Amino acid sequence: MTNPIKKSEFDHLLQRNRGRLAAIAQAYSPGDADDLLQEILLQVWKGLNSFKGESNVDTWCYRVALNTSLTWKRTRGRRRNNLPQVPMEDAQLTGNDDGQDAVKLLERFLQTISDTDRALVLLYLDDLSGIQIADVMGLSESAVRVRIHRIKNRLANWEAGDQ
Amino acid sequence: MNLDDLKTPWHSMQKQCDTARIDEIASRVGSKMSRFDHCIRRRDIIENLAAALVIVVFSITLVKCNDWVTFAGAIIVVCAAIEIVVVLNFTRMYSPTPVGLPLAEHCKKEVEKVDRQIFLLRNVLWWYVGPLMLGCCVMAFAEDSLIASTISCGLYVAFGLFVYWINQRAVAKQLLPLRQELKLACETFNENLSNNELGDVE
């Protein structure tokens, strides 16, 4: 029988984070996002037993999702250097500013960067502070700042059609 | 376009998620994990049960045998089985890395876990196969016929070497490539960063 307290905790966590977890699964594994999402939720459930409250539970959940996504890619035999190349013309924003185009652009850009940088970008886009990002990533704040700066440069070059 | 322009589409991606589908996936996880919460890892059970069976069977042999050669062989096998149980349970060969760690630390722990597995499998002849093989070979020479004893011993050695070969193959084909991949991943966290490249995160 399921522990009702744990079930309740899991449900609350899911309610607050479902969109984020689904988007992370989509960002890391567009081809089988549902499978990855299931694995993430499995790891969250299993990990709740050992979560001791040493950090904010949503931050912890973010770490679980990212670690699971990174491990997922490895176990599925995917490698960084096999990421699909984005055709130059697709890197341009369309003139009509359609939200869907921006989402597609984001998805394409995420596929051009490494798994580690992708994690950094997602944390940044979620408006986490530098300290929070450093805490999730296990990096120093200055390292986070420098990496974000590099990613911004890379995005600008990518948009300009630079390979 | 800058990175901040991608915040809106990122939040859209989260809002666009199919809530009903996610809840359905979550409910599957919930029912699966309620069974998991009451189970121990299957491989641990099998290994420990097999060792327990060996200890019981060869302990009975110890008690019932009437020659010192069989006695010596049985003692070696029982001690080997106990030693294998200790190594498997205390090195935590199959324990998963906690997923709630910071990403860089999680990556490092994964490398350490694979290193542990590689070390154990590379040395499987000394702590697993060898002692069992030795005990069985000693017991084989309790037989009256030297030829039969030699053949039995030869078969035990051949089987032991086959098990050793399988484990080395696993190291070469699975664990070493995995270790390489993990090391590369860990290196992405340790890249040398120039202090001149400063940007404001907030």
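Start with chain B and its contacts (heavy atoms within 4.5 Å): of those with a separation of 6 or more, 69% join residues 24 or more positions apart. This is a predicted model: local features need pLDDT of at least 70, side-chain atom pairs count only at pLDDT 80 or more, and totals for chains, interfaces and linings use all residues. Residues are numbered from 1 along each chain as its sequence is written, chains are lettered from A in the order in which they are written, and side-chain values use heavy atoms, without hydrogens and water.

Color chain B by secondary structure. You will find seven helices and zero strands. Helices here are DSSP runs (H or I, at least four residues), and strands are E runs of at least two, numbered from the N terminus.

Next, select helix 3 of chain B, residues 42–64. Leu53(B) lies there. Is Leu53(B) buried or exposed? Leu53(B) is exposed, at 56% relative accessible area. Exposed means over 50%, buried under 20%, partly exposed in between (1.4 Å probe, protein chains only).

The contact takes 54 residues from chain B and 70 residues from chain A. Between the two chains there are three salt bridges. A salt bridge puts a side-chain nitrogen of Lys or Arg within 4 Å of a carboxyl oxygen of Asp or Glu. Zoom in on one: the side chains of Arg18(A) and Asp23(B), at 2.8 Å, N to O.

Finish on helix 2 of chain B. Helix 2 gives the most to the side of chain B that touches chain A: 13 residues.
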